[in-house]
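Subject: Structure handover

Hi,

Here is the structure for you to look at. My notes follow below it.

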Amino acid sequence: SSTIGYLLSAFSSGLAIEALGYRWTLILGTAMSLLGSFVFSLQPPFALVLIMRILMGMGIGIIEASLNSYVTTLPRRTSVLNNLHAFFGVGALVGPVLATAILALSLGWNWVYFVLAGSNGLLLIGIAIFFPQKKARTVRDGEEEQGIGKLLSASLKMRIIWIATFFLLFYVGIETNAGSWSYSFLTEWRHQGTLFAGWIVSGYW
């Protein structure tokens, strides 16, 4: 379900940025992630869980695509992009420790999603107040067919593009699956404690 949502975001983020601008696209993606995590925290029926995972996957995908795209419009974009991805690493480091601390306190797994919803709420407020309204570069008449269409076609003919695509497909797929399933592996099959398993996952990221 999360993958379906993420794929949907891949096909829709560019169109949303062109139509709404970066600020409103980020607000949309964050609101979707907020709604999904909040409903998740209410421990809904499993059918609704699957729907919310699609919504959360799409919201997270929109946030990532929008922020990465926005950063490319800034001065010193390479440095800023490195910082953006470094902060993803900080979140991946802190997240497992925070989640396992909540579980260790016997607050219930749904409290993890309450905290996630709260952080999404803060992000939504921050974007609404501080993020500049910046439209994506507008396409002039005939430019889309002659410029962007040719650019996409030329890119897809480049061997290095396909090599990078398949590298990312397998590398990110393995990385994400290992990070996602290692906690269950450590607690259920290796019978490690909650906090210790969380620290291991945090260290992995």
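Which helix gives the most to the nonpolar patch? H6 does, with eight residues.

First, the ground rules. This is a predicted model, where local features need pLDDT of at least 70 and side-chain atom pairs count only at pLDDT 80 or more, while totals for chains, interfaces and linings use all residues. Residues are numbered from 1 along each chain as its sequence is written, and side-chain values use heavy atoms, without hydrogens and water.

Now the overall layout. The protein has seven helices and zero strands. (Helices are DSSP runs of H or I with at least four residues, strands are runs of E with at least two, and numbering starts at the N terminus.) The C-alpha atoms fill a box of roughly 60 × 40 × 35 Å along the principal axes.

Back to the patch. Its members include Leu-152, Trp-162 and Phe-170. Phe-170 lies in helix H6. Helix H5 (143–156) and helix H6 (159–189) are the elements that give two or more residues.

Next, a helix pair. H3 (residues 77–104) and H7 (residues 194–204) pack at about 170°, with axes 8 Å apart. (Axes are lines fitted to C-alpha atoms, for helices over the stretch in contact; angles run from 0 to 180 degrees between N-to-C directions.) The two helices are therefore roughly antiparallel, a label for angles over 145 degrees.

Best wishes

Definitions and conventions. Angles under 35 degrees count as roughly parallel, over 145 as roughly antiparallel, 65 to 115 as roughly perpendicular and the rest as oblique. Patches are made of residues with over 30% relative accessible area and no salt bridge: like charges are joined within 9 Å, nonpolar side chains (Val, Leu, Ile, Met, Phe, Trp, Tyr) within 5 Å. Accessible areas come from the Shrake-Rupley method with a 1.4 Å probe; for residues, only the protein chains shown count as cover. A salt bridge is a side-chain nitrogen of Lys or Arg within 4 Å of a carboxyl oxygen of Asp or Glu.
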